[in-house]
Amino acid sequence: MATLKVNGVRDPRPEPSELGRGLPQGSVVVKDAALLQSARARGTQISFEGLADDDVVEIELQDGLRIWSRVEDVPRDLVRRSQRGPAGDTILLPSELSIGPASRSVGGWAIKALKVLGLDIAGRITDFAAEHVEGKLQPGPGLYRCALDDPAALQPVSSLDGDGAILIFLHGTASSASGSFGELWKARAGTLIKSLFETYRNQVFAYQHRTLTKSPIDNALTLAKELKKLLHADRELHLVSHSRGGLIGELLARGTRADDEAPITEDDLTLFDTADRSDEREALQELSEVLKGSR
């Protein structure tokens with residue numbers, strides 16, 4: 001059993017976790033929660049005790065992005081060696097996450113809130129997620145053309161001919177294009193989405209992707225390959241993302257670098273220099289090559 005310590009105050013009425021959206025009731029339970037304070041604030045250090053290794057920590061950053069990690073993976077993935085406390089079962093989580101190579105990091109990512117989640121599932125979590133969340137993704141993974149009258153009426157794309165900018169929606173965790181962006185079709189009685197379709201001359205698309213059994217790297221690579229296959233001339237992409245979809249968008253945006261630096265640099269790849277991250281490193285290298293040759 002582990003203990004997690006943070007600088008903040010307990011949240012007595014936490015909202016349900018976004019991770020539980022679409023899952024059977026009771027599958028994801030918020031066991032404890034906190035609102036974090038900066039290291040400079042005179043806050044109280046609080047402890048979450050008795051955590052199981054397979055409990056899940058949900059971290060919400062100030063910009064709304066959420067990160068999920070199993071308790072046993074938090075020290076490795078989210079805490080720099082220089083910030084780790086003494087060896088043992090106590091995890092000291094800083095108020096800011098220093099994500100990225102230390103040599104290039106200019107500041108931390110402030111944590112807004114934290115939840116400890118319990119998952120009540122049978123069997124492997126990947127099998128559970130595939131069946132109860134991603135198995136309900138309709139239509140399945142891929143790039144689709146959006147319809148003006150219905151956010152769920154997605155049509156397969158055979159080619160991307162023409163000119164002008166293309167708009168692509170990238171949905172969030174355990175969601176879909178209509179789940180993350182459907183309200184745009186209702187805003188101002190549909191006039192908002194109509195103006196987008198007019199601006200982009202009906203070139204409005206959505207990327208349906210697996211968010212729990214595939215990494216954002218896998219998602220970005222798959223979409224980059226699909227776009228490369230569909231595009232027959234240079235086109236400009238405009239990306240609108242929600243939550244985790246922003247990670248995919250960030251990776252794709254690496255292809256816009258104007259200098260001679262590769263879309264994915266050696267500094268980026270260094271973060272994955274461990275045996276259990278070799279697949280992700282290879283995917284990043286392939287993504288870099290695809291982006292360099294993209295249109």
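Begin with the second largest pocket, which is lined by 16 residues; select R235, L237, L252, T256 and S294, which lie nearest its centre. This is a predicted model, in which local features need pLDDT of at least 70 and side-chain atom pairs count only at pLDDT 80 or more, while totals for chains, interfaces and linings use all residues. Residues are numbered from 1 along each chain as its sequence is written, and side-chain values use heavy atoms, with hydrogens and water left out.

A pocket is an open set of points on a 1 Å grid over the protein atoms alone where a 1.4 Å probe fits, with protein on both sides within 12 Å along at least five of seven lines; lining residues have an atom within 4 Å of a point.

Next, display α5 (216–230), β13 (237–241) and α6 (245–253), each of which supplies at least two residues of this lining. Helices (H or I, at least four residues) and strands (E, at least two) are DSSP runs, numbered from the N terminus.

Now turn to the aromatic pairs (ring centres of Phe, Tyr or Trp, the last by its six-membered ring, within 6.5 Å; stacked under 30 degrees, edge-to-face over 60, the rest tilted). The whole structure holds two of them. Select F169 and F181: this tilted pair has 4.7 Å centre to centre and 35° between the planes. F169 lies in strand β11 (residues 166–170) and F181 in helix α3 (residues 177–181), twelve residues apart.

F169, F181 and W185 form one aromatic cluster.
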